[in-house]
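Please work through the following exercises with the structure in view. Each task is followed by a solution in steps.

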Amino acid sequence: MNRLSAEQLRRNEQTRLSWDQYRSHRDRITQLVRDFAPRSASSSKKELTILGAGNCNDLNLPAFLADEWQIQLVDLDSQALSDGVHRQKLDDDFRVAAHGGVDLTGLWNELSSLKPDTDPEVIRELAQRLPSSRPTYELPPGHVVLSVGLLSQLVEAAVLSIGDRHPAFVELVQALRLQHLRLVHELTEPGGTFIVTSEVVSTDTAPQLAGLHDDELPSVLSKLLLEGNFFSGLHPSLIGQTLQSDRAIADQTESLRVAGPWLWNFGVRTYAVCGFVGVKTMMNRSS
């Protein structure tokens with residue numbers, strides 16, 4: 001097992017019993033799917049594909065099943081998926097399929113081999129290949145494809161591998177972000193909806209987030225962003241620009257909107273979270 005995988009498994013184990021700390025965030029994610037999924041559920045078999053499901057602490061699976069979704073859970077950590085499904089008492093439910101051990105980048109082992117002293121040109125060559133890389137496992141498409149906080153984990157993998165001061169760090173983060181957003185879009189069926197959420201900043205560097213009311217958050221977050229206080233590579237504008245400027249995504253996206261921001265009180269820290277919701281076109285515009 002490579003070091004990035006080992007670290008991800010360790011963190012999943014650390015948060016395995018954190019169901020209560022995810023409640024407010026989980027409620028937001030559930031509402032997002034309920035608000036935007038109906039327009040993409042045209043067939044009798046509605047598929048909800050969730051990337052980076054982990055322990056499923058941020059997912060109310062029974063609520064999704066009540067809305068008649070067939071659920072595809074995808075993660076690198078097979079044990080976390082198994083534990084998460086078991087915790088919600090869905091072990092034998094045929095409507096929930098767990099796909100564990102899946103490298104969604106397709107280049108996870110190479111990412112793990114990078115170090116702070118790795119030649120920048122080696123990293124830049126990897127960054128050039130990343131956007132067109134695909135998972136090690138063929139995933140089923142979804143009427144709704146949901147990525148909850150996975151983008152921040154991918155960016156953090158770059159930090160853990162080479163550090164944010166490495167001269168090729170920005171290129172690596174940009175490539176990871178583009179690869180993931182392309183994957184989410186690609187896995188969405190024509191006419192379907194894709195949803196990407198990410199933490200933007202936390203009370204670790206922005207203690208003023210603690211105790212804020214939701215209606216106060218937009219102005220506070222705008223100020224933090226202007227000051228450069230946000231997680232590397234996760235400024236909402238950067239995510240939005242990628243979705244709107246990359247032809248592979250933009251040419252096949254009918255509409256795109258911002259969801260949030262909202263606050264997630266995790267106990268030890270509070271996060272500001274933003275999301276993007278897109279609707280994929282029904283057919284190829286270039287055809």
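**Exercise 1.** Determine in which hand α7 passes α8, and describe the contact between them.

*Solution.* Step 1: α7 crosses α8 in a right-handed manner; a crossing is right-handed if the near helix is turned clockwise from the far one by less than a right angle, and left-handed if anticlockwise. Helices here are DSSP runs of H or I with at least four residues, strands are runs of E with at least two, and both are numbered from the N terminus.

Step 1: Helix α7 covers residues 150-162 and helix α8 residues 169-186; their axes come within 10 Å and cross at roughly 155 degrees. Therefore α7 is roughly antiparallel to α8 (angles over 145 degrees count as roughly antiparallel, under 35 as roughly parallel, 65 to 115 as roughly perpendicular and the rest as oblique). The axes are lines fitted to C-alpha atoms, for helices over the stretch in contact, and angles run from 0 to 180 degrees between N-to-C directions.

Step 2: On the α7 side, L150, L151, L154, V155, A158, V159 and I162 meet F169, L172, V173, L176, R177 and H180 of α8, where contact means heavy atoms within 4.5 Å. These residues divide into eleven nonpolar, one polar and one charged (Ala, Val, Leu, Ile, Met, Phe, Trp, Tyr, Cys and Pro count as nonpolar, Asp, Glu, Lys and Arg as charged, and the others, Gly among them, as polar).

The model is predicted: local features need pLDDT of at least 70, side-chain atom pairs count only at pLDDT 80 or more, and totals for chains, interfaces and linings use all residues. Residues are numbered from 1 along each chain as its sequence is written, and side-chain values use heavy atoms, leaving out hydrogens and water.

**Exercise 2.** Describe how α6 packs against α8.

*Solution.* Step 1: Helix α6 (residues 120-129) and α8 have axes 9 Å apart, at an angle of about 15 degrees. Therefore α6 is roughly parallel to α8.

Step 1: The crossing of α6 and α8 is left-handed. I123, R124 and A127 of α6 form the contact with E171, L172 and A175 of α8. Four of the residues are nonpolar, none is polar and two are charged.

**Exercise 3.** Two residues other than glycine have a positive phi, C56 and K89; is each buried or exposed?

*Solution.* Step 1: C56, with phi near 65 degrees, lies in the loop between β1 (46-51) and α3 (61-66). C56 is buried, because its relative accessibility is 0%.

Step 1: K89, with phi near 60 degrees, lies in the loop between α4 (78-87) and β3 (96-99). K89 is exposed, because its relative accessible area is 73%.

How values were computed: Buried means under 20% relative accessible area, exposed over 50%, partly exposed in between (1.4 Å probe, protein chains only).
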